[in-house]
Amino acid sequence: MSLQISNAQRAEVLTQALPYIQKYNGKIVVIKYGGNAMVSEELKQQVMEDMVLLWLIGVKVVLVHGGGPEISENLQKIGKESKWVDGLRVTDSETMDVVQMVLSGKINKGLVTLIETKGGRAMGISGVDGKMIKAVCKDERLGYVGRIVDVDVQPVFDLLNNGYIPIVSSVGCDDEGNIYNINADTAAAYIAGALKAERLITMTDIEGILRDKDDPSTVIPAIDTKAAVKLFEDGTISGGMIPKVECCLDAIARGVGKVTIMDGRVPHALLIETLTDEGAGTMIVKDFKHEY
């Protein structure tokens with residue numbers, strides 16, 4: 001009897017997923033990968049499995065990643081102290097060498113390898129490749145921390161059209177060849193906008209936008225941009241959520257269909273968010289009147 005119940009449950013899951021599979025087949029979904037899902041080995045394995053499954057059913061998946069904790073760890077190994085200004089890492093020339101090595105080397109190629117062991121086809125690139133992310137110095141006090149001024153996503157299109165999952169590390173460059181550390185949320189928003197992606201999914205260590213920041217049960221499942229602005233004004237969106245939600249709104253302004261701030265600590269959250277009615281965070285749309 002238990003086997004019959006299990007089979008029925010599996011059939012129900014697949015039936016529920018069918019309209020979403022049809023909806024996202026051939027569409028571009030950008031995933032900003034970060035938070036605990038990038039640190040926990042178990043969650044990392046699950047995220048890569050989810051990405052490969054989405055790829056296998058015809059979703060054009062693009063992954064954009066940072067790697068702050070690993071950068072700090074590697075700086076510590078060489079005796080380099082991390083310094084911060086307004087919550088941003090001061091990045092001198094030596095630090096930038098480590099940033100590039102960790103992001104575009106160790107992390108990027110590690111993710112490519114992991115996806116390929118799961119049966120996918122991935123190609124790792126950085127924002128420097130093809131001058132994809134053009135940047136300038138954000139603030140002289142920060143050194144080689146960049147502000148994006150232009151994005152050319154042709155390299156990403158080329159990889160997608162050839163059947164690869166592009167894995168993009170968040171560094172950029174200027175016309176003089178200087179390389180900059182770029183905030184991964186910002187990079188993902190710009191890339192998703194330039195691709196006119198169907199969705200941008202941002203993985204975080206919080207349930208989503210909360211009515212009460214101290215109560216995880218108050219997560220707002222869906223909101224439009226006008227309502228989100230009001231939450232800034234009344235202080236509901238505060239602290240570290242401010243830049244994340246700002247990036248989400250920027251992505252929508254650049255043409256992304258929907259943006260989700262998702263709890264990456266939930267096992268297989270990507271599949272829950274994309275292929276079920278349940279969802280796994282807060283979805284932001286431009287205007288509910290045109291979306292529903």
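These questions and answers cover salt bridges in a predicted model.

User: How many salt bridges does the count come to?
Analyst: The rule asks for a side-chain nitrogen of Lys or Arg within 4 Å of a carboxyl oxygen of Asp or Glu. By this rule, the count comes to 13 salt bridges.

User: Which side chain meets Asp92 in a salt bridge?
Analyst: The N to O distance of this pair is 2.6 Å. The pair links distant parts of the chain, 12 residues apart. Asp92 lies in the loop between β4 (88-89) and α5 (93-117), and its partner in the loop between α4 (68-77) and β3 (84-85). The partner is Lys80.

User: Is Asp92 buried, partly exposed or exposed?
Analyst: Buried means under 20% relative accessible area, and exposed means over 50%. Asp92 has 31% relative accessibility, so the residue counts as partly exposed.

User: How many residues apart are Glu207 and Arg265?
Analyst: Their side chains meet in a salt bridge at 3.2 Å, N to O. Glu207 sits in the loop between β11 (199-204) and β12 (222-224). Arg265 sits in the loop between β13 (258-263) and α10 (269-275). The two are 58 residues apart.

User: What is the relative accessible area of Arg254?
Analyst: Arg254 meets Asp250 in a salt bridge at 3.1 Å, N to O. Asp250 is partly exposed, at 24%. Arg254 is partly exposed too, with a relative accessible area of 32%.

User: Which residues are joined into one network?
Analyst: Here, salt bridges share partners. They join Lys32, Asp185 and Lys244.

How values were computed. Residues numbered from 1 in each chain as written. Predicted model: local features only at pLDDT ≥ 70, side-chain atom pairs only at ≥ 80, totals over all residues. Heavy atoms only, no water. Helix = DSSP H or I, 4+ residues; strand = E, 2+ residues; numbered from the N terminus. Buried < 20%, exposed > 50% of the residue type's maximum accessible area, 1.4 Å probe, protein only.
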